[in-house]
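The sequence and structure are shown first.

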Amino acid sequence: MKFPLLATTLAGSLPKPAWLAEPEKLWAPWKLEGRALDEGKRDAVRLAVCMEEKAGIDILSEGEQTRRHFVNGYMEKLEGIDFKNLKTVHIRNRYDADVPRVVAPVSRPRPVHSEDAKFFRSLTTKPLKFTLPGPMTMVDTLYDEYYGSREKLAMAFAEILNQEALELCAAGIDVIQFDEPAFNVYFDEVREWGIAALERARRGVKCKTAVHICYGYGIEANNQWKKTLGDQWRQYENTFPLLAASSIDQVSLECANSHVPIELIGLLQGKDVLVGCIDVASDRVETPEDVARVIRAALKYVPQDRLFPCTNCGMVPLARDVAAGKLAALGAGAALVRKELVQGSVTA
Ligand code: ZN
């Protein structure tokens, strides 16, 4: 699939309609049940597609409207994990969370997102992205009582994710993205087995594969953590050279309003770079010029045919009108720079 110049996309999630789940909340409970919930999820996907098309987004996401959380929403469909008796653990080296326990070999009794992907595909002819949690981030959102090794558990998840990714691709999805915020925390593990697990998850997948690495949603625990990271956030320096040497096609990262030195994206030679031009930790809606400024800065380090303007992270905790405004700014900002490139007034 050939994408348009500066094709815009989003990291993944969008706010859910207030009739489907409680707004501005992570892992919000559903407000519907049974068939009404199934219908409601599909209607929410229709609305997400509508919002993105109106904003001029080129590679659409279904906004993760069919799951409550980007990691648990997938894991709760697997076997071998106890979601009833949770355990409090310190996750991402950052905050305590009540997480499910691995009590037996993990397995996927049936496809999780195949039907969602087919429905999503039926709504539009535009290129589509579907997001899945990455193996390391899954391991880091659990308490393991069975495998006794984060690597072994990650590889078991990678095999499950691989089946899922092959099916999503067959359903007509163009980009499959694995979300790995844990890659920004456990650098030794990324090197030792994280990249290998990711490559296992993408094995044989014909569509584009992406990895999203960020500094998290704009929630309090993350905001406090960011204050401890100093003036220059150089975490990406550890992982980008490894990803550049991997078989992953695209890397989605945080740029807007962050302390990430922009030149670090130059470490991703040969990869598509999904540059975060929208700050998801703020309710302020960017102007198209704000977005254009980030794209122009990134063009100094990434060739124009490899640059995809994107959001920093998922937008599920935001108010819906704020998310809509931010997407519109993303679409308009990319259009501004596209015009400049055609006129030759930006050299890249
Ligand atoms: Zn993220």
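The model is predicted: local features need pLDDT of at least 70, side-chain atom pairs count only at pLDDT 80 or more, and totals for chains, interfaces and linings use all residues. Residues are numbered from 1 along each chain as its sequence is written.

Ile-173 touches Leu-128 and Phe-130, among others, not counting residues up to four places away in sequence; contact requires C-beta atoms, placed from the backbone, within 7 Å.

Leu-128 and Phe-130 point one way from strand β4, together with Leu-132. Six of the six residues of β4 (residues 128–133) are buried, that is, 20 or more other C-beta atoms lie within 10 Å of their own. In strand β7 (residues 208–212), five of five residues are buried.

Strands are DSSP runs (E, at least two residues), and helices are runs of H or I with at least four. Two strands pair if DSSP finds at least two bridges between them.

| Strands | Sense | Bridges |
|---|---|---|
| β1 and β4 | parallel | two bridges |
| β4 and β6 | parallel | five bridges |
| β6 and β7 | parallel | five bridges |
| β7 and β8 | parallel | three bridges |

Within these pairings, Thr-131 stands opposite Gln-177 in β6, and His-212 in β7 is the bridge partner of Asp-179.

Technical notes:
Two residues are in contact if their C-beta atoms, placed from the backbone, lie within 7 Å. A residue is buried if 20 or more other C-beta atoms lie within 10 Å of its own, exposed if 12 or fewer, and partly exposed in between; C-beta atoms are placed from the backbone.
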